[in-house]
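Trainee: Could you take me through this structure slowly, and show me how to read its features one at a time?

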Amino acid sequence: MVNFTILAGGYTTYVASYLFNTEDNSLTYLNQYTTGANPSWIISHPTNKTILYATNQNTPGGALQSFTVGPQGAITLVDTISSGGNDAAYCAGLSTGQVAVVNYGSGTARVFPTERDYLHFSNDSTIVTFPVPTTGTLGVSEPHMTYQYYDELFIPDKGNDKIWRLGEVDGNPGDFAVHGEILQPIGSGPRHIRIRDDQLYTIHELASTLTLQEVPAFPNGTSRLLSNVSIIPPDPPAGSTFKAGEILIPEPTADYPVPYIYTSNRNTGVQDSRGDTIAIFENVGNNLVLRNQVYTGLDQIRGMMSGEQAGYGGEAYIVAAGSAGTAGVKVFKRTEGGANLEEVAVNTVIPTRMTFVWLSQ
């Protein structure tokens, strides 16, 4: 038997904690811990799971917070700093000890150096402002994620239909600048990305598509799309409006040898009675092949996370929730080698959640 603690952020003023028991497939609500407003994105430090970072997705004045993590996921606030913009929607801990954050409401990004404890932020950092787009449909820059690729940061910009490439300026922590861009289909709205074997997988919020391409050469090369597929489930109800949410590619293991790609749908229009889906794809010879559309009973899946974060067999599970409705938090077990999902646990104490962190007990 393995127990996992799952932390869950959302549009509230707290992070919630749950206990997932793999023996009886129970998901138990434990507690909630006060944060700043709207901790919509939470992450662990990349090497120290006793440290948690959270954005405060506020307008005006987004923020980044750090916490220590104790038994059963109890978190204690350590530091808070301005994110340098509005609607801080995403943060990522870097291998350098810095923490990157993007502000989609103001089209900006910022990378914070930390002190040696990784808990205290330095305000000595540059605010990167992305240009107003001249194409597409939004008319504003909307950066939605930051992803470390070697020494670079890749930032998908939904408004600019680009993935910006940033690097540290002259080795100065906190000082980052754009040195390249990866063009995406106009009007597609790139939202989140994953990179595996030097191939770039992108989900596009506005087009509800998943694309595949080689990572272009540093610093500003180009590459063509190898595959471009819809993630929308078949025969949706009339009045449906889809917006892609999240993408996961868990690392292969002996039990899950194929690196399947999991993408979440958000139907913001007329709901299907079966809920939104997680679409599962496989890269077959650089073609993205749909393996399953799993109906989840959730409403607008914005966040989901693989249990591989925690180790100890956690890669067998994915946790997900809707940002609307009352379906709560659900845990799914990967079946058929990862080509399918089976719901094994649910907790509805809190009706909606946004993002998750897995911790081993």
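Mentor: Let us begin with serine 208, which is buried, with a relative accessible area of 1%; buried means under 20% relative accessible area, exposed over 50%, and partly exposed in between, using a 1.4 Å probe and protein chains only. This is a predicted model, in which local features need pLDDT of at least 70 and side-chain atom pairs count only at pLDDT 80 or more, while totals for chains, interfaces and linings use all residues. Residues are numbered from 1 along each chain as its sequence is written, and side-chain values use heavy atoms, with hydrogens and water left out.

Trainee: Where is serine 208 found, and which residues does serine 208 touch?

Mentor: Contact means heavy atoms within 4.5 Å. Serine 208 is in the loop between strand S17 (199-204) and strand S18 (209-214), where strands are DSSP runs of E with at least two residues, numbered from the N terminus. Not counting residues up to four places away in sequence, serine 208 touches Val229, Ser230, Ile231, Ile232, Phe242, Lys243 and Ala244. A polar atom of its side chain lies 3.3 Å from the backbone oxygen of phenylalanine 242.

Trainee: How many residues has the largest nonpolar core?

Mentor: A nonpolar core is a set of buried Ala, Val, Leu, Ile, Met, Phe, Trp, Tyr and Cys residues joined through side-chain atoms within 4.5 Å. The largest one here has 37 residues, and Tyr53, Leu64, Cys91, Phe154 and Leu166 have the most contacts inside it. Apart from it lies another core, of 36 residues, including Ile278 and Trp358.

Trainee: What should I look for in the backbone itself?

Mentor: Most residues other than glycine have a negative phi, and most peptide bonds are trans. Against that background, asparagine 38 has a positive phi of about 60 degrees, and aspartate 197 has a positive phi near 55 degrees.

Trainee: Is asparagine 38 partly exposed or buried, and is aspartate 197 exposed or buried?

Mentor: Asparagine 38, in the loop between strand S3 (26-34) and strand S4 (42-44), is partly exposed, with a relative accessible area of 21%. Aspartate 197, in the loop between strand S16 (190-196) and S17, is exposed, with a value of 61%.

Note on methods:
Helices (H or I, at least four residues) and strands (E, at least two) are DSSP runs, numbered from the N terminus. A polar contact is a pair of N or O atoms within 3.5 Å; within protein, one must be able to donate a hydrogen and the other to accept it, and residues adjacent in sequence count only if both atoms are side-chain atoms.
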